[in-house]
Every structure is written in C-alpha cells, then in structure tokens.
Amino acid sequence: MKNKYRKLCETEKSIPLFNQAWWLDSVCGEDNWDVCLVEKGNNIIASMPYYIKSKYRLKISTQPPLTQFLGPWIKQTDVKYSKKLGQEKDILKTLFSKHPKVHNFQQNWNHVNSNWLPIYWLGYNQSTRYTYRINNLSDLDNVYKNTLANIKTDIKKASNKYLLAIKTDLPFSDFFKLNQLTFSRQSMVMPYTEEFVSSLINKAKLRNQAKWFIAQDSDGRNHAGVLIVWDENSAYYLMGGGDPELRNSGATSLCMWEAIKFSATVTKSFDFEGSMLEPVERFFRAFGAEQTPYFSISKTNSKILKVRNVLKELIR
C-alpha cells in the first residue's frame, strides 16, 4: 500500500503537504506510519495516512510531530452535490474499516474535509477547532489593507526605528535558538530536538518547500524568526521564535509579513496553522486572516481510557 501511495504522492498535487509520503517519512520514520487506500480499477481515489504509537501498552493513532493536519484525501470529481455526499459516505466508511484496531484514535483533519457525518455514524466524535487563513495571496495590497493597524505599526517600527533587516540565508541553528528562547521564556519543555527539526527542514528545503526568515539588527542580533513550509496550494507557518529581551522591536510581525509576501510567489494561500490560545489567535487574526474551522476526530475504544476521560471531565 505504501509503495502505491508514494507513487501517487509524486503525481497528485492535491494531496496536502502533511499527508505527503516524504513528510511522513521525515516526522514518523519510514517504517512507523502506514496508509489506508480506496481504489477504483487501477486508480487510487482516496487515502488516509495514519501514525500509531504505543504508550503504556496502548496503541494510539494520533498526529505525528509537527503535523497540524492529517485525515483523508478524496479525489475530487465533477458530480452533483448529493451524489458527492453519497460517494464520500462510502469512501470514508471503507477507509476507516481498513484502519487497524487501536485503543484510541485522534486526527486533526485538513479544513477542506467538511463532511464527517459518515464517521459519526461509525461512533466517532468531533470537536471543532480553528485555524486562520489568507485564502488569496494574489493581491498583496489587499492583504496588507486588511491587516490591522497594530501589525502595520510593528512592521514600520521594526524597519524604520530598529532598522531590522530580514535574513533568509542564516544557518538553521540561528532560527532554532530563537525558537528555544520562546519555550524558555514560558518555562516549557521543547517537544522536539534541533536534530529532528533540522533533518525535516533540510529535506523540505531540498524540495524547495521550506524557508526561514530572521529579523536581524545592525549589531548582528537576531530579534525574531519565522519558519514556513508549503505545497502548491498553501504555505503553512510551522514555527517561530524570538529573543525575549528584544520583544518590543516589532520583529515578529515583520518576519511574518515577509513570509506572507514570499509565499505569494510560490503558492496560493497562507495558513497560520491555527491556535486555540487567545494571545496567539489575536496575533494571527490581526493579519486579516479568515477564521477557518477544522475537525478533530476522535474515538476511544479502551475501557481504561474511557474511565480516565470521564474522571478528567468530573474534576474540571
């Protein structure tokens, strides 16, 4: 199945970046993920990659590291809407019937997957989450017009007062240090290593699908950085970081704006990859991005996990 899927990913441009075989090889390991396929004749018409990890002897199907979205891909056809829904029902039921039995299932679906009803009939649950997207990068003047005044002020301050320059040729280690500083400031443990992220991004860069932007002052101090990855349909803000001692320079806004401008040269839209954290949501929204819902699909089959989930709800 994986060999068939690898070949499909080489030719099918509508398969999102995070569902691509090369991405999954990088974030999961080549032997640590698999895929469910639906075929019609000699053609693959749907796929659903998955990543299963073991924890306390429990099998958990979950999101791979640094992978915001996963879920099914269904080849689009030019049919009537009512027939399309019927086809999706059959395809989704087939995909999920091929998924291995696990104690717990959780996937964040790409926002284009708007029909989870057939999965509800299979006993799955859904919670709605939000990302923010600039859906059309073809008119950057309009994008900037829709950006809120505080972001525009930050961009001008970074450029005119602090004389920050955007560097795109600095070592990845420089960017990662900024990312580390952000975690340190919040007293949080980093969920990944520099080696892991660097390996992923180097592979993406070789494919011309990754770039980082660092705002640097005339003294050579790096204020902030933004890292994006992209496919033919969208760019994604993957991670960022900044020096806490230089937080007031407007560098993060400048980096993000430069990333958005660059994205307009390589793809069609920009996805901030969502955040349910209020301060982060406020920042993303200020770029004039459109609030876009996506589904988090889950199902708990383990009695132990079901009891744990009930207890968590009771003590909230």
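Residues are called buried under 20% relative accessible area, exposed over 50% and partly exposed in between, with a 1.4 Å probe and only protein chains considered. The model examined here is predicted, so local features were required to have pLDDT of at least 70 and side-chain atom pairs pLDDT 80 or more, while totals for chains, interfaces and linings use all residues. Residues are numbered from 1 along each chain as its sequence is written, and side-chain values rest on heavy atoms, with hydrogens and water left out.

We can begin with the charged contacts. A salt bridge is taken as a side-chain nitrogen of Lys or Arg within 4 Å of a carboxyl oxygen of Asp or Glu, and a search of the whole structure gives 9 of them. One of these joins Arg6 to Asp25, with 2.5 Å between the closest N and O atoms. Helices (H or I, at least four residues) and strands (E, at least two) are DSSP runs numbered from the N terminus. In these terms the pair links distant parts of the chain, since Arg6 belongs to helix α1 (residues 2-11) and Asp25 to helix α2 (residues 21-28), 19 residues apart. Arg6 is partly exposed at 23% relative accessible area, whereas Asp25, at 14%, counts as buried.

Helix α1 also holds Lys4, which is partly exposed with a relative accessibility of 40%. The C-alpha atoms of Lys4 and Trp230 lie 23 Å apart, and 226 residues separate the two along the chain.

Two further salt bridges each sit within a single helix. In the one between Asp154 and Lys157, the N to O distance is 3.8 Å. These two residues are 3 apart in helix α6 (residues 149-161), so about one helical turn separates them. Asp154 is partly exposed, at 22%, and Lys157 is likewise partly exposed, at 25%. In helix α9 (residues 251-263), Glu258 and Lys261 are also 3 residues apart, and therefore separated by about one helical turn. Their closest N and O atoms are 3.1 Å apart in a salt bridge. Glu258 has a relative accessible area of 22% and Lys261 one of 31%, which makes Lys261 partly exposed.

Patches consist of residues with over 30% relative accessible area and no salt bridge, like charges being joined within 9 Å and nonpolar side chains (Val, Leu, Ile, Met, Phe, Trp, Tyr) within 5 Å. Areas come from the Shrake-Rupley method with a 1.4 Å probe, and for residues only the protein chains shown count as cover. Leu117, Tyr120 and Trp121 make a nonpolar patch of about 360 Å². Trp121 sits in the loop between α4 (117-120) and β6 (125-134) and is exposed, at 51%.

Finally, there is the second largest pocket. A pocket is an open set of points on a 1 Å grid over the protein atoms alone, where a 1.4 Å probe fits, with protein on both sides within 12 Å along at least five of seven lines; lining residues have an atom within 4 Å of a point. The second largest pocket holds about 460 Å³ of space. It is lined by 24 residues, and Ser14, Gln76, Asn110, Val112 and Asn113 are the closest to its centre. Both β4 (73-74) and α3 (81-98) supply at least two lining residues, with α3 giving the most, 3 residues. By residue class, the lining of this pocket comprises 9 nonpolar, 11 polar and 4 charged residues.

Note on methods
Grid points are joined across faces, edges and corners, and a volume is the space filled by probe spheres set on the points. Ala, Val, Leu, Ile, Met, Phe, Trp, Tyr, Cys and Pro count as nonpolar, Asp, Glu, Lys and Arg as charged, and the others, Gly among them, as polar.
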